[in-house]
Amino acid sequence: MVFASASTYFLVIFCVSFSYAANTCPSGYPEKGVAVDKEDIDKMQFAVNLEFLEAEYFLWATNGYGLDVVAPKLAMGGPPPIGVRKANLDPLTKNIITEFANQEVGHLRALNSTVGVFPRPLLDLSAKNFGKLFDEAFGRKLVPPFDPYRDSLSYMLSSYVIPYVGLVGYVGTNPNINGYVTKRLLAGLLGVESGQDAVIRMYLYERATQIVFPYTYTVADFTSRISELRNKLAKCGNKDEGIFVPPQVGAENRTISNVLSADFNSISYKRTPAEILRIVYNSGDERVPGGFYPNGANGKIATDFLKQP
């Protein structure tokens, strides 16, 4: 009887606590309005292209396999990526990228349940493609060719190329979203993408003066060159900065340290879909596919650009 009474007591306490929590933890959504506006769908689906890129790159680096094994339904029958493979990562870096990989799978799942996803586009994640990108950034052929899978530092330098593009894309999309559930999704995605970029930048900042083997350039040199290339390809001014900047560009013009890339008011930069495509296609033209997307990105916004003369 004592046991039964105790069980009943704890059950009552649990039910009261649960009821109290339910009453004091509302959804936070407005009582009126549209959850997912139909005009939000194409805008949010554009980001699916970048989420596929990140998911595959991070999954393969740590596991040696990607979405087709981890979450095959999310790939929706899209072709497997080209040239991607497992990276030679130390335990710390592997732990970081493993977490990123799982986060990206969650992002795709969240996008799918809110606005839907399309088949994974063909992705070129080969060392050759990254090598071409870094050659362009330095304005000369690196010898030997840059290989992102060589070691942890090389991989993190190559990762510097990716999440930041998604970050500024989400910032640019934000003002054009109408639905309150879609806004919540975007804010949640933006928060994690920003965090990933910050972790990568801090990792590289701690090694800023280290020479990147087997070259004569420092880690800071690599970040500056990649940021300069992205600004050049996007063709819309300075919206990208390395881990060191001139004082007049630093926060409040008081620092050359630049752990986070931001504008004069320390607000994240924003980019349009056209700017992003110019960068990830590595062509400087949203109508000319290439780079990470040999056949172009998927979704209405990207394919509409491909149809333009």
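Reply: The term salt bridge here stands for a side-chain nitrogen of Lys or Arg within 4 Å of a carboxyl oxygen of Asp or Glu. The pair links distant parts of the chain, 64 residues apart: Arg120 is in the loop between helix 5 (91-114) and helix 6, and Glu56 is in helix 2. Helices are DSSP runs of H or I with at least four residues, strands are runs of E with at least two, and both are numbered from the N terminus.

Arg120 is buried, with a relative accessible area of 1%, and Glu56 is buried too, at 1% relative accessibility. Buried means under 20% relative accessible area, exposed means over 50%, and partly exposed is in between (1.4 Å probe, protein chains only). Asp68 joins in as well: Glu56, Asp68 and Arg120 are linked in a network of salt bridges.

A word on the numbers: this is a predicted model, in which local features need pLDDT of at least 70 and side-chain atom pairs count only at pLDDT 80 or more, while totals for chains, interfaces and linings use all residues. Residues are numbered from 1 along each chain as its sequence is written, and side-chain values use heavy atoms, with hydrogens and water left out.

Now to the other pairs. The whole structure holds 10 salt bridges, including one between Glu275 and Lys239, with the closest N and O atoms 3.1 Å apart. That pair also links distant parts of the chain, with Glu275 in helix 11 and Lys239 in the loop between helix 10 and helix 11, 36 residues apart. Glu275 is buried at 3% relative accessibility, and Lys239 is buried with a relative accessible area of 16%. Arg278 and Glu286 meet in another salt bridge, at 2.8 Å from N to O. Arg278 is buried at a relative accessible area of 15%, and Glu286 counts as buried at 13%.

Lys235 lies in the loop between helix 10 and helix 11 and has a positive phi of about 65 degrees, although it is not a glycine. Ser266, in the loop between helix 10 and helix 11, has a positive phi of about 60 degrees and is not a glycine either. Lys235 is exposed, with a relative accessible area of 56%, whereas Ser266 is partly exposed at 43%.

Two cis peptide bonds can be found in other loops. One joins Val143 and Pro144, with omega about -5 degrees, and Pro144 is in the loop between helix 6 (127-138) and helix 7 (152-159). Another joins Phe213 and Pro214, with omega about 5 degrees; Pro214 is in the loop between helix 9 (180-205) and helix 10 (219-234). Most residues other than glycine have a negative phi, and most peptide bonds are trans.

Stepping back, the protein chain has 12 helices and zero strands. Buried residues make up 49% of its 309 residues, and the C-alpha trace spans about 80 × 45 × 45 Å along its principal axes.
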